[in-house]
Amino acid sequence: MKIFIDSADVEEIRDAAAMGVVDGVTTNPSLVAKSGRPMRAVIEEICEVVDGPVSAEVIATDTEGIVREGRELAAIHPNVVVKVPLIADGIRAVRQLTDADIKTNVTLCFSAPQAMLAAKAGATYISPFLGRIDDIGGDGLELIEQLVTIYGNYAYPTQVLAASIRHPLHLVRCAELGADVATIPYKVILQLLKHPLTDKGLAQFLADAKKIPS
Ligand code: G3P
């Protein structure tokens, strides 16, 4: 399973990348706004830090505007993946971008029928937002399972990119279900490492190491 970091904070992306566990990066307008920097500068810098797919989202909501903006974003760096919202104009734009050999990540997916259309349009990635489905009392993991099954049934090349991951168990379940990628906030990447028995065991080993004669 590939692991992407869901962030537009270059420092935290650098930290996670230094662990050697980051295969790519996803951003969205909210994350870029939080960075307080212009979109282009953020994407350029992220592409210098991580050698893998970097999703950058369009702001336009009409097909022509999405395609134009998508081409501009894709021109920033060969690793840029154009993130497109799952609306009718977005799906039309995905077909055009795909035909122009530009990679796309269809975002804000909350249902299997939406994901089927994204795959038919040639999306490189589909981003089901599992945490946000859980937030409204649904079952985000059920959607991940449906997408993995449906895409598998027809060998669609579109990759399931589990997004809106809130805690380590989400990641583990996505891996068990066979999602191709999970994009995870930095905070959750750090949580993946934590186990009280690791900390307790290390403290004991270090205390005992002091008793070893030199
Ligand atoms: O980047 C898209 C997605 O991961 C957003 O997550 O936590 O804002 O629902 P969240």
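Reader: Before we start, when do two strands count as paired here?
Author: Two strands pair if DSSP finds at least two bridges between them. Keep in mind that this is a predicted model.

Reader: Got it. So what do the strands build, and how do they pair?
Author: They build a closed barrel of 8 strands with parallel pairing, in the order S1-S2-S3-S4-S5-S6-S7-S8. On average, neighbouring strands of this sheet are turned by 30 degrees against each other, direction ignored.

Reader: Can you zoom in? How many bridges link S2 and S3?
Author: Strand S2 (residues 24-26) pairs with strand S3 (residues 54-57) over 2 bridges, in the parallel sense. Thr26 stands opposite Ser55 in S3.

Reader: And which strands does helix H4 touch?
Author: H4, residues 63-74, packs on the sheet and touches S3 and strand S4 (80-85). The direction of H4 makes about 160 degrees with that of S4.

Reader: What about H5?
Author: Helix H5 (residues 88-99) packs on the sheet too, touching S4 and strand S5 (104-109). Its direction makes about 155 degrees with that of S4.

Reader: Switching topic: what's the volume of the largest pocket?
Author: About 510 Å³.

Reader: Which residues lie nearest its centre?
Author: Asp6, Asn28, Leu31, Lys34 and Pro185, out of 25 lining residues. Helix H2 (29-35) and helix H10 (186-193) are the elements that give two or more residues to the lining. The largest share, 4 residues, comes from H2.

Reader: How does that lining split by class?
Author: The lining of the largest pocket has 9 nonpolar, 8 polar and 8 charged residues.

Note on methods:
Residues numbered from 1 in each chain as written. Predicted model: local features only at pLDDT ≥ 70, side-chain atom pairs only at ≥ 80, totals over all residues. Heavy atoms only, no water. 1 Å grid on protein atoms, 1.4 Å probe; cavity = no way out; pocket = protein on both sides within 12 Å on 5 of 7 lines; lining within 4 Å. Points joined across faces, edges and corners; volume = space filled by probe spheres on them. Nonpolar A, V, L, I, M, F, W, Y, C, P; charged D, E, K, R; others polar. Axes fitted to C-alpha atoms, helices over the stretch in contact; angles between N-to-C directions. Contact = heavy atoms within 4.5 Å.
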